[in-house]
Amino acid sequence: MPVELAADAATGARPLSYAEAIREGLAQAMEADPRVFLFGEDVGVYGGAFGVSGDLLQRFGPERVIDTPISELGLAGAAVGAALTGMKPVLEIQFSDFVTLAMEQIVNQAAKIRFMFGGKASVPMVVRLPGGSGTGAAGQHSQSLEAWFAHVPGLKVLQPSTPHDAKGLLLSAIDDPNPVLIFEHKLLYKTKGPVPAEPYRVPIGEAAVRREGRDLTIVAASIMALRASAAAERLAQEGIEAEVVDLRSLRPIDFPTIAASVRKTRRMLVVYEGVKTMGIGAEIAAMIAESDVFHALVAPIARLGGADVPIPYNPKLEKAAVPQEDDILAAARRLAREGKV
């Protein structure tokens, strides 16, 4: 795995894995508010497909940690209904790919209800979505679909990259009166970092500058923020100082932080695991191109995204289909050379 990102310093922080941080956040939210409950396929007795829910069933009982049938559309509809009646459901979709079965309830119902009822109704539901490639799970269990939902008004879409942010963003999402989707990369579950023991919130819609630099800006999220940071350390050994902006939130997106970084470095590389065509990188590139920051650029905006193919099963082809650390390094080197006289 690439190097881990530094979390915000905090009193009482201990090293926890990404999965442990999410579990702790869930437990603290459930302890603080009886309306919060977790449900989904295998979240109870089995402890979650990726071990995230762990012992929560034993701690909170089967009325608040609920194993469900395999019916993503029904589960998303139950989450919408529970939220409308005053509960705070946290739904885990076992693989983010299967959220395709729940699009009607998430996109047509959860995202629209507050608007269609003139703000008199809210849908405080959270959907947790393990996603991404790298586990050899092939084309139907390895996709990065976050850009689909970032396209939908009424939804909030998060991609935490560190254990610290995984807990803090989860607690903010549970507090939020709107439907929030959290995409958790499967390869991050075992990564470790400092996490405060007490409950805390990471604000939704605020990016984090993980590394400061002067020569180019690398914008990324989730595991790509880790890979970008690792690539930036290697670039520094070559005399290229890259600034790394970790988005954390795709909708709302923190354009002021991106713009300030690009205005300083005058070059931008956007890295994302989802398919490059019409992905989140295209939107970020367009935002810069439409702003006055565009005039500060000395090189074309660069995008590095996933290949336009389903994720292969073969391990070598799987790696080739999505940006790896060496790919980011090579793209950043090319960009750093452009515009120089």
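Analyst: What follows is a description of strand β13 and its surroundings.

The model is predicted, so local features are given only where pLDDT is at least 70 and side-chain atom pairs only at pLDDT 80 or more, while totals for chains, interfaces and linings use all residues. Residues are numbered from 1 along each chain as its sequence is written, and side-chain values use heavy atoms, with hydrogens and water left out.

Strand β13 covers residues 268-275; strands (E, at least two residues) and helices (H or I, at least four) are DSSP runs, numbered from the N terminus. Seven of the eight residues of β13 are buried, so the strand is largely enclosed by the rest of the structure. Here buried means under 20% relative accessible area, exposed over 50% and partly exposed in between, with a 1.4 Å probe and protein chains only.

Two strands count as paired if DSSP finds at least two bridges between them. β13 pairs with β10 (216-220) in the parallel sense over three bridges, and in this pairing V219 has V270 of β13 as its bridge partner. β13 also pairs with β14 (residues 302-306), again in the parallel sense, over four bridges, and there V270 stands opposite R303. Between β13 and β14 the chain crosses through helix α10 (residues 280-289), and this β-α-β crossover is right-handed: with the strands pointing away from the viewer, the path from the first strand over the helix to the second runs clockwise.

On a 1 Å grid over the protein atoms alone, a cavity is a set of points where a 1.4 Å probe fits but cannot get out, a pocket is an open set with protein on both sides within 12 Å along at least five of seven lines, and lining residues have an atom within 4 Å of a point. Grid points are joined across faces, edges and corners, and a volume is the space filled by probe spheres set on the points. Two or more lining residues come from each of β7 (180-185), β10, α8 (223-236) and β13, and β13 gives the largest share, four residues. The lining divides into twelve nonpolar, six polar and three charged residues, where Ala, Val, Leu, Ile, Met, Phe, Trp, Tyr, Cys and Pro count as nonpolar, Asp, Glu, Lys and Arg as charged, and the others, Gly among them, as polar.

The largest pocket holds about 600 Å³ of space, and β13 is again among the elements that supply at least two lining residues, together with α6, β12 (249-251) and α10. Of the 31 residues that line this pocket, A147, W148, M278, G279 and I280 lie nearest its centre.

H185 lies in strand β7 and counts as buried at 5% relative accessibility; beyond its neighbours within four places in sequence, its contacts (heavy atoms within 4.5 Å) include S222 and E273.
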